[in-house]
Amino acid sequence: MKITLRHIRCALGVARHGNITQAAERLNVSQPAVSAALNELEEHLGQVLFVRQRGQGVTLTPFGRLAMEKAQQIVANVRELENLANDDDTLAGELTLACFEDLAPYCLPKLLRGLKERHPRIEVTIREYGFDQISKQLSNGNLDAALSYDLGLPDCIQSTVLCELPAHALLPIEHPLARHSEVSLKQLCEYPLVLTEQAYSSQHFLDLFRFHGLQPQNVSRTYSFELQRGLVANGFGVAVAYTRPFGDHSYDGQALAIRPIADPLPLQHIVLAQPRGRCDTPLAVALREQALEWFAQSPGFDWRT
């Protein structure tokens with residue numbers, strides 16, 4: 001048996017979606033045909049590419065990750081050859097892009113619209129994850145790129161900084177601290193603190209307090225950033241955040257007061273994380289260029305502090 005583009009594209013589809021059935025639907029072929037292609041490819045290579053987990057999809061083995069990096073290069077070269085034959089330099093192909101779930105609604109739609117206008121033949125599959133899943137999916141080779149904060153990212157990626165964000169305090173609009181032009185972490189410690197219970201997030205913010213010798217005594221946690229903002233806006237406490245949407249209101253319309261933090265705190269980075277073996281493909285470069293351009297031109301990510 002010889003390895004064909006059919007084998008390679010089926011394997012890449014499964015790696016991209018983490019699921020044989022979903023890959024088959026995307027490729028417009030039957031699920032048994034995709035399974036057969038995987039079995040034939042693994043038999044020819046003499047090693048397992050995917051770990052099958054009943055009811056949980058598939059994940060790449062270490063050998064599978066290396067093989068899929070080579071497969072990506074082969075498909076990219078084939079596309080270049082096809083474009084050369086057609087005298088067409090339009091980029092075409094598929095990308096799987098993850099985004100940290102709190103960032104996705106604010107930056108992903110317009111960024112992808114710009115990419116689509118510039119490269120209409122690039123198809124992007126979107127995944128929304130927390131920090132822990134982004135790290136896992138990048139490590140497993142299931143993503144072409146991820147848009148996230150620089151927290152918990154694996155060593156196997158190349159990280160491009162898109163913008164830097166200062167921390168700021170979230171306060172109810174009638175809060176006593178809202179009368180100040182800036183607030184200190186010590187002042188915030190005097191009130192209930194609402195944290196987002198996401199991997200790496202709550203610990204990161206608690207470490208900011210501890211670095212300055214402070215220990216918040218009254219801490220409550222919620223999973224989503226928007227619920228955090230809603231609780232603060234409705235008087236359940238104060239918070240510290242980097243993300244700041246375009247309107248300083250919670251989902252239920254309550255106003256928030258946003259104040260800079262007086263203490264010296266490190267800036268947080270929004271980055272585009274790309275596996276090192278895939279970061280130089282034409283599609284990866286196009287995505288990176290679009291992301292850099294969009295963040296550079298987006299006044300909303302100055303965060304109006």
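**Close-up views of a predicted model**

**View A. Lining of the second largest pocket.** The residues that line the second largest pocket divide by class into 4 nonpolar, 11 polar and 3 charged. The model shown here and in the other views is a predicted one. The second largest pocket holds about 230 Å³ of space. It is lined by 18 residues, of which H17, G18, V58, Q137 and N142 are the closest to its centre. Two or more lining residues come from each of the elements α1, β2 (57–60), β4 (121–129) and α6 (131–139).

**View B. The largest pocket and the elements around it.** The volume of the largest pocket is about 350 Å³. Its lining has 21 residues, and R16, V75, R79, E94 and L283 are those closest to the centre. Helices α1 (5–17), α4 (62–85) and α10 (282–296), together with strand β3 (92–100), are the elements that contribute two or more residues to the lining of the largest pocket. The contribution of α4 is the greatest, at 6 residues. Sorted by class, the lining of the largest pocket consists of 10 nonpolar, 4 polar and 7 charged residues.

**View C. The hairpin of β1 and β2.** Strand β1 (residues 50–53) and strand β2 run antiparallel and are joined by 4 bridges. Q53 has G57 of β2 as its bridge partner. The two strands, β1 and β2, form a hairpin in which 3 residues lie between them. In the turn, G55 has a positive phi of about 80°. In a regular strand, side chains alternate between the two faces of the sheet. Along β2, G57 and T59 point one way, while V58 and L60 point the other way. These four residues of β2 are all buried. Strand β2 is also one of the elements that give two or more residues to the lining of the second largest pocket, and V58 is among the residues closest to the centre of that pocket.

View D. The open sheet has 3 strands in the order β10-β7-β11, and the pairing is antiparallel. The edge strands, β10 (239–241) and β11 (256–260), each pair on one side only. Between neighbouring strands of this sheet the average turn is 35°, with direction ignored. Strand β7 (residues 168–172) pairs with β11 in the antiparallel sense over 5 bridges. Opposite L170 stands I258 of β11. Helix α9 (residues 225–233) packs on the sheet and touches β7, β10 and β11. The direction of α9 makes about 50° with that of β7.

**View E. Strand β12 and its partners β5 and β6.** Strands of a sheet pair through backbone hydrogen bonds, in either a parallel or an antiparallel manner. Both pairings shown here, β5 with β12 and β6 with β12, are antiparallel. Strand β6 (residues 157–165) pairs with β12 over 8 bridges, and I157 stands opposite P275. Strand β12 (residues 268–275) is largely enclosed by the rest of the structure, because 7 of its 8 residues are buried.

Definitions and conventions. Residues numbered from 1 in each chain as written. Predicted model: local features only at pLDDT ≥ 70, side-chain atom pairs only at ≥ 80, totals over all residues. Heavy atoms only, no water. 1 Å grid on protein atoms, 1.4 Å probe; cavity = no way out; pocket = protein on both sides within 12 Å on 5 of 7 lines; lining within 4 Å. Points joined across faces, edges and corners; volume = space filled by probe spheres on them. Nonpolar A, V, L, I, M, F, W, Y, C, P; charged D, E, K, R; others polar. Pairing = 2+ DSSP bridges. Axes fitted to C-alpha atoms, helices over the stretch in contact; angles between N-to-C directions. Contact = heavy atoms within 4.5 Å. Buried < 20%, exposed > 50% of the residue type's maximum accessible area, 1.4 Å probe, protein only.
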